[in-house]
Amino acid sequence: LPILGVSTVAAVIVVVVLLVARRWWVALTLGILAAFAPWLTDVIKDYVERPRPEWAVPIATPPDPWSFPSGHATGGIAVWLAIGVALASLLTSDTAKAWFVLPWAVLGFAIGVSRVVLGLHWPSDVLAGWCVAAAVAGVAAALFVIPRDGGA
C-alpha cells in the first residue's frame, strides 16, 4: 500500500481502538485529522500549483506534478504523530505518555524529511505540510478535546 493508504488503515484501526476504549472525543479528533488534513493539503496544492524539484535521473515518479505543501509531510504529522498522541491518551503515567509519543513523532517528522532527501519536495513544501497538520490539529483539539475534560 502507498504511504497514505497505510496511514488511512492505521488511523481507522486506532479510531476503532479508541471507540472501544470509550475515548469518543479523541477518536473524533484523530478521524478529523486523518481525513481533513490530507484533503486540505490537496486543495492547497491545486490552488498553488508549485512544480516539484526536477532531477536528471528522478528517484521516484510522484503521482501529481505539484509539490506545495507536501502531502506526505502533512500525513506524517496529522496521522502518525496523532496516532501516537491518541494511543498515549490511554496510558495513565505522564512519563509513559511522553516516551510512547516520541517514536511516533520521530516517524512523523522522518516522513517529511524523506521527501526532501528523495528530491520530491522542496524544504518549504515539507514545512508547509507540517504547518497544515499543526493547524488542523489545533482546531480539532480546540473543538473536541480540550473542552471535554481530557477527551473522556
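Modeller: Buried means a relative accessible area under 20%, exposed means over 50%, and partly exposed lies in between, with a 1.4 Å probe and protein chains only. This is a predicted model, in which local features need pLDDT of at least 70 and side-chain atom pairs count only at pLDDT 80 or more, while totals for chains, interfaces and linings use all residues. Residues are numbered from 1 along each chain as its sequence is written, and side-chain values use heavy atoms, with hydrogens and water left out. Asp125, with a relative accessible area of 0%, is buried, and of the 152 residues of the protein 39% count as buried.

Colleague: How many helices and strands does the protein have?

Modeller: Helices (H or I, at least four residues) and strands (E, at least two) are DSSP runs, numbered from the N terminus. The protein has 5 helices and 0 strands, and from the N terminus on the order of its elements is α-α-α-α-α.

Colleague: Which side chains meet in a salt bridge?

Modeller: Side chains of opposite charge can pair when their charged atoms come close. The criterion is a side-chain nitrogen of Lys or Arg within 4 Å of a carboxyl oxygen of Asp or Glu, and a search of the whole structure finds 1 salt bridge. Asp125 and Arg50 form it, at 2.9 Å from N to O. The pair links distant parts of the chain, since Asp125 lies in helix H5 (residues 123-145) and Arg50 in the loop between helix H2 (24-48) and H3, 75 residues apart. Arg50, at 27% relative accessibility, is partly exposed, whereas Asp125 is buried.

Colleague: What is Ser70 in contact with, leaving aside its neighbours within four places in sequence?

Modeller: Contact means heavy atoms within 4.5 Å. With those neighbours set aside, Ser70 touches Thr41, Arg115, His121, Asp125, Val126 and Gly129. Ser70 itself lies in the loop between H2 and H3 and is buried, at a relative accessible area of 0%.

Colleague: At what angle do H2 and H3 pack?

Modeller: Two packed helices are described by the angle between their axes and the distance between the axes. Axes are lines fitted to C-alpha atoms, for helices over the stretch in contact, and angles run from 0 to 180 degrees between N-to-C directions. H2 and H3 pack at about 175°, with their axes 9 Å apart, which makes H2 roughly antiparallel to H3; angles under 35 degrees count as roughly parallel, over 145 as roughly antiparallel, 65 to 115 as roughly perpendicular and the rest as oblique. Among the residues making the contact are Leu30, Leu33 and Ala37 of H2 and Ala78, Val79 and Ile83 of H3.

Colleague: Which aromatic residues form one cluster?

Modeller: A pair of aromatic rings is described by the distance of the centres and the angle of the planes. Rings of Phe, Tyr and Trp (its six-membered ring) pair if their centres lie within 6.5 Å, and planes under 30 degrees apart count as stacked, over 60 as edge-to-face and the rest as tilted. By this rule the count comes to 4 aromatic pairs. Trp80 and Trp104 are stacked, because their ring centres are 6.2 Å apart and their planes at 10°. Trp80 lies in helix H3 (residues 71-88) and Trp104 in helix H4 (residues 94-117), so the pair ties together parts 24 residues apart in sequence. Phe100 and Trp104 form a tilted pair, 6.3 Å centre to centre with 40° between the planes. Trp80, Phe100 and Trp104 form one aromatic cluster.
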